[in-house]
Amino acid sequence: MHVTANDGESDRLVRVVEVDIPSDVRFIENVVELVRHECEAMAFARRQLMLNVPVALAEALSNAILRGNGDDPAKQVHVRAEVDAARLVLEVGDEGQGFDLEQSLIDPTTPDNIDREDGRGLFLMRKLMDRVERVEVPSGNVVRMTLNRG
Amino acid sequence: MSFSIKKEGGIVVVDVEGQLIVGNRQELKQKVLDELESGERKFLIDFSQTGYIDSSGLGVLVSLSKKIREQGGELRLANLNDDLKTLFELTKLDTLFQIADTRERALNSF
């Protein structure tokens, strides 16, 4: 689903994309392109279009598909992207139990961790977005990421 | 997204076309490991045609670098654009890899 709308109160232009995908990593690129296109339409900085948005969103989708939904294609991942002239707000939801973001503060850049194959996903999401938070929902798990337009 | 492999002067050169992410990292890993098993020891990965790389892609590069070193070989990287350079700097992987500005410089550095 793809919606473009005006906010009635402030008359600001808001572009909203909502999409559900099966838990299959082959869908990641297409979702990233969809969201990147919306950010491009809102004149986000080139660096944000080429680095921050694609990498952080790919990480969130990968987490949702592989960890949250256990790579089970019968389970869905819900993505909502709201973009306006000030910021991008991304929400990625899965059907899992979620995890405590504050407990996932491994620093992959220390000498002990630098040659580990894993452990860079959440680190990159935090580095590339202005805010990363877990949203309380009745069932499942939602991660919200906010990027102010550069 | 795809990978092409060719040999230039005894060096295995891999071009990463498109993204290097969770969906295709195993393909890259297997292609390089196949070359390593067949006796190749010098590897260059060229990112001039690469879009973005996620943490899984970075993880595969780290893993390949270790496996190649364990066999007495070397893995070098070339042609990172500014965004990819930033990614390597954020993760400090620029300290783990030998990275050349151009393919030619990388080939001549072995």
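Does A:D71 count as buried or exposed, and how many C-beta neighbours does A:D71 have inside 10 Å? A:D71 counts as exposed because it has 12 C-beta neighbours inside 10 Å. The cut-offs go like this: a residue is buried if 20 or more other C-beta atoms lie within 10 Å of its own, exposed if 12 or fewer, and partly exposed in between, with C-beta atoms placed from the backbone.

Keep in mind that this is a predicted model, where local features need pLDDT of at least 70, side-chain atom pairs count only at pLDDT 80 or more, and totals for chains, interfaces and linings use all residues. Residues are numbered from 1 along each chain as its sequence is written, while chains are lettered from A and ligands numbered from 1 in the order in which they are written.

**Chain A at a glance**

- Chain A has three helices and six strands; helices (H or I, at least four residues) and strands (E, at least two) are DSSP runs, numbered from the N terminus.
- Going along the sequence, the elements of chain A come in the pattern β-β-α-α-β-β-α-β-β.
- The radius of gyration of chain A is 15 Å, which agrees with the value near 15 Å for a compact globule of 150 residues. That radius is taken over C-alpha atoms, and the globule rule is 2.2 Å times the number of residues to the power 0.38.
- Along the principal axes, the C-alpha atoms of chain A fill a box of roughly 50 × 35 × 30 Å.
- Buried residues make up 33% of the 150 in chain A.
- Take the contacts in chain A with a separation of 6 or more: 62% of them are between residues 24 or more positions apart. Two residues are in contact if their C-beta atoms, placed from the backbone, lie within 7 Å.

**The nonpolar core**

- The largest nonpolar core holds 61 residues, and A:A56, A:L57, A:A60 and A:L61 touch the most other members. Such a core is a set of buried Ala, Val, Leu, Ile, Met, Phe, Trp, Tyr and Cys residues joined through C-beta atoms within 7 Å.
- Helix α2 of chain A (residues 46–68) gives the most to this core, ten residues.
- Beyond its neighbours within four places in sequence, A:L57 is in contact with A:V32, A:V35 and A:L90.

**Helix α3 of chain A**

- Six of the eight residues in α3(A) (residues 121–128) are buried, so the helix is mostly covered.
- The buried ones are A:G121, A:L122, A:F123, A:L124, A:M125 and A:L128.
- What do the buried residues of α3(A) pack against? They pack against α2, β5 and β6 of chain A, together with α2 of chain B.

**Strand β6 of chain A and its partners**

- β6(A) (residues 141–148) has a covered face made of A:N141, A:V143, A:M145 and A:L147, and an uncovered one made of A:V142, A:R144, A:T146 and A:N148.
- Strand β4(A) (residues 87–94) runs antiparallel to β6(A), and eight bridges join the two. Strands count as paired if DSSP finds at least two bridges between them.
- Here A:R87 stands opposite A:N148 in β6(A).
- β5(A) (residues 131–135) also pairs with β6(A) in the antiparallel sense, over five bridges, and A:V135 has A:V142 as its bridge partner.
- β5(A) and β6(A) form a hairpin with five residues between them, and A:G140 in the turn has a positive phi of about 85°.

**Where the chains meet**

- The contact takes 22 residues from chain A and 20 residues from chain B.
- On the side of chain B that touches chain A, the elements giving two or more residues are α2 (55–70) and α3 (82–90) of chain B.
- α2(B) supplies the largest share of that side, seven residues.
- By class, that side of chain B has eight nonpolar, eight polar and four charged residues. Ala, Val, Leu, Ile, Met, Phe, Trp, Tyr, Cys and Pro count as nonpolar, Asp, Glu, Lys and Arg as charged, and the others, Gly among them, as polar.

**Single residues to look at**

- A:D71 sits in the loop between α2 and β3 (76–83) of chain A, and has a positive phi of about 60° although it is not a glycine.
- B:N79 is not a glycine either, yet has a positive phi of about 65°; B:N79 lies in the loop between β5 (74–78) and α3 of chain B.
- B:N79 counts as buried because it has 21 C-beta neighbours inside 10 Å.
- B:K31, in helix α1 of chain B (residues 25–37), is partly exposed, with 16 other C-beta atoms within 10 Å.
- Not counting residues up to four places away in sequence, B:K31 touches B:F3 and B:I5.
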